[in-house]
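Take a moment with the sequence and the model below. We will start at the ligand and then turn to a pair of helices.

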Amino acid sequence: MEYILTELDDKILIISINRPEALNALKPELILQIGEALKKQANNQELNGVIITGTGEKAFAAGADIKGFPNLTESAGIAVSKEGHDVFNYIENYPKPVIAAVNGFALGGGCELAMACHMRVASENALFGMPEVKLGLIPGYGGTQRLVQLIGKSKALEYILTGDMINAPTALTLGLVNHVVTPDQCLIKAKELIAKIARNGPKAVATAIKTINSYFDKKINGFDFEMQNFGSLMVSDEGKEGINAFLEKRKANFR
Ligand code: CO8
């Protein structure tokens, strides 16, 4: 069964989580389907970026599907958590910008999915939160790590330990989201960001994503990695074109 809708709209892959009757709760198969949809387009040179959103007006995703939890053994719980981690890591390292357009609830796994994206555009009615402790659990799709990265340890501890929801203006102040817009502007703003990024060198964009992510990879020295990547971009066709275009006072032609 398909739990997501996908469409290619003006060089943007739009993935819509499509379980509005369950507030788009994330079944494990649904998360795998998101991963598959991304993999299918990973080598599409024409693709400018990806938007992940939820169908309906109430939710981006209200978390992992709690109704499937009672069937899980400890090892199955670990395995399902790992499957989610693998997909969310894939999103985080995707070479094209991936933006979450968050309309309504983004709780638990839904918030974790939004945090794995490179940026978040929230509608005014968005509500974020990590309510797992209320279920006697902790975040299991990377939330303990990514919330700290995005808003700092002190606030992450507060929101994960209380399970309190975070409204859109607060999320903006905390740095959890990039923009807050009216509900009808949510997709439009996400598309605008992708279009703006698409004017830049695609290799540079992909390398910037990889290099920024290296900050959080304990096995990599991010400064060394940046120097290496800077050097190889300088001598790349794309780097030469961007530099020449500036010197010749013309617009760069990256594609
Ligand atoms: N899972 C399954 N079904 C859900 C979920 C969910 N997370 N959230 C909502 N639904 C369902 C409801 O059960 C209901 O369906 P039904 O009528 O058939 O029972 C329907 O969606 C509508 O929900 P409500 O009637 O509850 O709507 P309200 O507007 O009254 O409330 C809330 C909205 C506040 C969002 C409420 O639904 C809620 O609290 N939902 C649960 C939020 C939550 O706890 N999320 C975290 C889940 S745990 C998690 O995400 C862990 C991630 C890591 C997993 C690791 C591997 C397993």
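How far is an oxygen atom of the ligand from an N or O atom in the side chain of Lys67? The distance is 3.2 Å. Keep in mind that this is a predicted model.

Backbone atoms also face the ligand. A polar backbone atom of Ala62 lies 2.9 Å from a ligand nitrogen atom. At Gly109, a polar backbone atom is 2.8 Å from an oxygen atom of the ligand. Taken alone, the ligand exposes 1100 Å². The protein buries 66% of that area.

Now step back to the whole shell. It holds 24 residues around the ligand. Those that come nearest are Lys58, Ala62, Ala64, Ile66 and Gly109. Sorted by class, the shell has 13 nonpolar, five polar and six charged residues. Where do they sit along the chain?

Next, find helix α8 (residues 202–214) and helix α9 (residues 222–234). Their axes are 9 Å apart and meet at an angle of about 170 degrees. Angles over 145 degrees count as roughly antiparallel, and α8 and α9 are therefore roughly antiparallel to each other. On the α8 side, the contact is made by Lys203, Ala204, Thr207, Lys210, Thr211 and Ser214. Helix α9 answers with Gly222, Phe225, Glu226, Asn229 and Leu233. Three residues of this contact are nonpolar, five are polar and three are charged.

Notes. Residues are numbered from 1 along each chain as its sequence is written. This is a predicted model: local features need pLDDT of at least 70, side-chain atom pairs count only at pLDDT 80 or more; totals for chains, interfaces and linings use all residues. Side-chain values use heavy atoms; hydrogens and water are left out. Axes are lines fitted to C-alpha atoms, for helices over the stretch in contact, and angles run from 0 to 180 degrees between N-to-C directions. Helices (H or I, at least four residues) and strands (E, at least two) are DSSP runs, numbered from the N terminus. Angles under 35 degrees count as roughly parallel, over 145 as roughly antiparallel, 65 to 115 as roughly perpendicular and the rest as oblique. Contact means heavy atoms within 4.5 Å. Ala, Val, Leu, Ile, Met, Phe, Trp, Tyr, Cys and Pro count as nonpolar, Asp, Glu, Lys and Arg as charged, and the others, Gly among them, as polar. A residue is near a molecule or strand if one of its heavy atoms lies within 4 Å of it. A polar contact is a pair of N or O atoms within 3.5 Å; within protein, one must be able to donate a hydrogen and the other to accept it, and residues adjacent in sequence count only if both atoms are side-chain atoms. Accessible areas come from the Shrake-Rupley method with a 1.4 Å probe; for residues, only the protein chains shown count as cover.
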